[in-house]
Amino acid sequence: MGDWHNTSAKAEKDPFPLPFHSRRSPIYCTNGCVSSSQPLATSLGLSILMNGGNAADAALTTAAALAVTEPCSTGLGGDMFSLYYDAKDQQVKCVNGSGRCPGKLNLKLIQELFPKDVSTPTTKEVNATERFGSVMMGNIKITEQDLESDGKKVDVDAHRKSVHAITVPGAARGWEEFYKRHASGKFTFAELLEPAAQLAENGFPVAPMTAVSWNKGVENDIMKWHDDEEHIPMTTDGKNGPNPGDIFKNPDMAKVLRSLGEYGATKGFYEGFAGEAIVDAVQNRGGVMTMEDMAEEHTQCTFPESISVEYKGLKVHQIPPNGQGIAGLIALSGLKALEDGDKIPVPKCNVTGTGWESEQTMHAMIEMMRLGFADARKFVCDQEFCNINDVIKDPELKEKIRSESLLNQERIAERAIKVFDETKAAVQGMPDPTSCTVSFQVVDKEGNAVSFVNSNFMGFGTGLVPKGCGFTLQNRGAGFSFEESHPNVIEPYKRPYHTIIPAMITHTDTNELYATISNMGGFMQPQGHMQLTVALASGMDPQTAIDLPRFCIADGTHNGAVMIENGLDEEILNKLKEQGHNMISNVDGFGKSIFGKAQIIKRDRTTGVLIAGSDGRSDGCALGF
């Protein structure tokens, strides 16, 4: 997959300044709670709970509503992952609804279509919006050394948002399978999707931050597929995206939602008019996707057991690869090893809420996150595909890609203690071992919980809108590696390295629910999960944990520049600089979108009270009753 290394960066004036002056209190409730990045989606999900639905019912309505109200992040042209905590058996259950590579797409074809001069690495300045897919990054620039040219044969920049980066959308099948496994039975699938269909049909007022993201996405991603005189889809007037408060109607999306709800994923989506429109759109732009790729056997979800690590009496659960959640677990496990070995002090928030008491806490989290990304970039792949097809012949590599091997506590602890230097940033100088999204949380009265993530990737994904569908197609194929020997190399019907990851936290001693969390936003997600978990474990409430200034290694590599949010204690910031961290400091305004949009619902196991927080870096909110 595309790697970015040796980055330095600078921040230019943000054309969309957005001060974050207000504060939020956590939400306290007892009967149910929903937290998402769109108030309309949150309220629709809550209405399902209030009418007797369970957490899964509310999650499906929320997911569909987010696909309508925030199409610049999510939709039926993308993928989904979910974790469901079943209060009856106290088990965390996974749905991997990520789509697969088209059957006629392979490495040889990609190399032919996107050739690259492999002679000399080059250095270039690029806009962070283009590189990381956060359309609200403003004018932050990064200077990166393009090592993709160093022995690699694919122009990843040209491929990243091309028609050949489109994988088969997995969300429709994922929603249906999630419904079959976890819904209460009090509502039909169609009834749970209908509130979102009505929202799309009748129109809804577009939220402020969403409007900025939407307009940037229209300009950068959707327009490129159309001639100047054409009516541009996903616009209000044929040319422009909506402004804040504009009523946007999407009757095409309403039609797709109703078809999916009434006829199911196979007949109502993949083999129906939506599937045909997707294939037509891809083929008309030179792609190789066919209706065979839409067949039920090629659009199936998987239901693996969750993977987890323990930290301070808590067990943090993730879905195993092809998702990147394992990177955050490795980082958290490494942090635990440093604490247990007295290499760093126990993390505590300072009294002003502007960071941690010791700079060593953030220094260690950054260093351990770099180690987590190093492992993820080298070993994360579609494990099921590799096992079924026996594509990895090297027995040593076959063992290393196993989640159990990557999460071996002794391996992680030994490595963490060996490389960590409390005086300087050491990991970013090590040799590289490798050659947009929405999320929400729901907890119901019985204690069932859902962590759900749905995404296009990089805003609108490719920006290609299938005719009559009202959604864009993702570009998840950008997550593949183009190195022939890499376990994540692009192959027919394989799933790529995936950024979207839900998380669930249980009590280690009883396996009772502690919290359901997410932190949407590309490679920010495992970093956010680690930072939020450490904050919660140190005693912060969900809203305080979310509001705490964050860091983000935006490119998801062990060597990338780390972005530091404004508001961090100046003393800590200065010490991080002295330690030599390659970083961009005081990221503010809409640039804060790089730090993602977190949602947390925590459950007090003594009283059953739910405590929720929602990220002020987005338009959303948490609501309960």
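A residue is called buried at under 20% relative accessible area, exposed at over 50%, and partly exposed in between, with a 1.4 Å probe and protein chains only. By that rule Lys161 is buried, because its relative accessible area is 17%. Lys161 sits in the loop between α5 (156-159) and α6 (171-182). Contact means heavy atoms within 4.5 Å. Leaving aside neighbours within four places in sequence, Lys161 is in contact with Asp221, Lys224, Trp225, Met458, Gly461, Thr462 and Asn475.

The model is predicted: local features need pLDDT of at least 70, side-chain atom pairs count only at pLDDT 80 or more, and totals for chains, interfaces and linings use all residues. Residues are numbered from 1 along each chain as its sequence is written, and side-chain values use heavy atoms, with hydrogens and water left out.

Now the whole chain. Of its 625 residues, 64% are buried. The chain exposes about 21300 Å², and carbon and sulfur atoms supply 48% of that area. Accessible areas come from the Shrake-Rupley method with a 1.4 Å probe; for residues, only the protein chains shown count as cover. The secondary structure comes to 19 helices and 21 strands. Helices (H or I, at least four residues) and strands (E, at least two) are DSSP runs, numbered from the N terminus.

Strands pair if DSSP finds at least two bridges between them. Strand β4 (residues 79-86) runs antiparallel to β5, and 7 bridges join them. Met80 stands opposite Gly97 in β5. The hairpin has 4 residues between its strands, and Gln90 takes a positive phi near 55 degrees there. Strand β5 (residues 91-97) is mostly covered, with 5 of its 7 residues buried.

Next comes an open sheet. Its 3 strands have the order β16-β17-β18, with mixed pairing. Strands β16 (551-553) and β18 (583-587) stand at the edges; each has a single partner strand, so one side of each is left without a neighbour in the sheet. The twist averages 20 degrees from one strand to the next. Strand β17 (residues 562-565) pairs with β18 in the parallel sense over 3 bridges. Within that pairing, Met563 stands opposite Ile584 in β18. Helix α12 (residues 359-379) packs on the sheet and touches β16 and β17; its direction makes about 25 degrees with that of β16. Axes are lines fitted to C-alpha atoms, for helices over the stretch in contact, and angles run from 0 to 180 degrees between N-to-C directions. In a regular strand, side chains alternate between the two faces of the sheet.

Of the 14 residues of α17, 13 are buried, so the helix is largely enclosed by the rest of the structure. Gly539 follows α17 with a positive phi, near 110 degrees.

Finally, the charged pairs. A salt bridge is a side-chain nitrogen of Lys or Arg within 4 Å of a carboxyl oxygen of Asp or Glu. The structure holds 25 of these salt bridges. One of them joins Arg258 to Glu201, with the closest N and O atoms 3.0 Å apart. This pair links distant parts of the chain: Arg258 is in helix α9 (residues 251-270) and Glu201 in helix α7 (residues 189-202), 57 residues apart. Arg258 is partly exposed at 29%, and Glu201 is partly exposed at 37% relative accessibility.

Another salt bridge brings together the side chains of Glu339 and Lys312 (3.6 Å, N to O). Glu339 lies in helix α11 (residues 325-340) and Lys312 in the loop between β10 (307-311) and β11 (314-318), so the pair ties together parts that are 27 residues apart in sequence. Glu339 is buried, with a relative accessible area of 11%, whereas Lys312 is partly exposed at 37%.

Helix α12 returns in the pair of Asp375 and Arg415, whose side chains meet in a salt bridge (3.0 Å, N to O). Asp375 belongs to α12 and Arg415 to helix α16 (residues 409-419), 40 residues apart. Asp375 counts as buried at 5% relative accessibility, while Arg415 counts as partly exposed at 22%. Salt bridges that share partners also join Arg550, Glu565, Lys592, Asp615 and Arg617 into one network.
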